[in-house]
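Trainee: I would like a close look at one part of this model. Please take me through the sheet, then the charged contacts.

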Amino acid sequence: VQLEESGGGLVQAGGSLRLSCAASGRTFRRSDMGWFRQAPGKEREFVAAFTWSAGTVYADSVQGRFTISRDNGKNTVYLQMNSLKPEDTGVYYCAADPRGSFYIPQYENWGQGTQVTVSS
């Protein structure tokens, strides 16, 4: 599976963005998908996942503000981000097929990332 993110940008605190992750490959429909983010000087952290075993799961920091969804007809996964905060700033990565726990950034396939900057 090859992945390409889009939709990042600069937004004021309290605003919204929707990230998209376009996937190619015949196995996409069976893939568990995740979103991660990485701020400068920090480790990559889990944001959300769409899994066939556990449904949708979210990091505590984004629960209630972010929504992950997928459209298998378009081979795309989305991350709707509302009520954005400056601490949400970072490069957001889409990932497919976790090797173990979907909370850990050890996935088989990664996109190149898209920058999200939230100004205060």
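Mentor: Strand 7 and strand 8 run antiparallel, and six bridges join them. Within this pairing, Thr67 stands opposite Gln80 of strand 8. Keep in mind that this is a predicted model.

Now widen the view. The pair belongs to an open sheet of four strands, in the order 1-3-8-7. The pairing is antiparallel. Strand 1 (2-6) and strand 7 (66-71) stand at the edges. Each has a single partner strand, so one side of each is left without a neighbour in the sheet. On average, neighbouring strands here are turned by 15° against each other, direction ignored.

Next, the charged contacts. Side chains of opposite charge can pair when their charged atoms come close. This structure holds four salt bridges.

Take Arg37 and Glu45. Their side chains meet in a salt bridge, 2.6 Å from N to O. Arg37 has a relative accessible area of 6%, so it counts as buried, the limit being under 20%. Glu45 is partly exposed, with a relative accessible area of 35%.

Arg37 has another partner. It forms a salt bridge with Asp88, and the closest N and O atoms are 2.9 Å apart. This pair links distant parts of the chain, 51 residues apart. Arg37 lies in strand 4 (residues 33-38). Asp88 lies in the loop between strand 8 (76-81) and strand 9 (90-98). Asp88 is buried, and its relative accessible area is 0%. Arg37 is buried too, at 6%. So this salt bridge joins two residues that are both buried.

Now turn to Glu108 and Arg99. They form a salt bridge, with 3.2 Å between the closest N and O atoms. Glu108 is partly exposed, at 48% relative accessible area. Arg99 has 58% relative accessibility, so it counts as exposed, the limit being over 50%.

Finally, look at how the contacts connect. Salt bridges that share partners join Arg37, Glu45, Arg65 and Asp88 into one network. Arg37 is one of the shared partners, with salt bridges to Glu45 and to Asp88.

From Asp88, cross the salt bridge to Arg37, and go on to Glu45.

Terms used: Residues are numbered from 1 along each chain as its sequence is written. This is a predicted model: local features need pLDDT of at least 70, side-chain atom pairs count only at pLDDT 80 or more; totals for chains, interfaces and linings use all residues. Side-chain values use heavy atoms; hydrogens and water are left out. Buried means under 20% relative accessible area, exposed over 50%, partly exposed in between (1.4 Å probe, protein chains only). Helices (H or I, at least four residues) and strands (E, at least two) are DSSP runs, numbered from the N terminus. Two strands pair if DSSP finds at least two bridges between them. Axes are lines fitted to C-alpha atoms, for helices over the stretch in contact, and angles run from 0 to 180 degrees between N-to-C directions.
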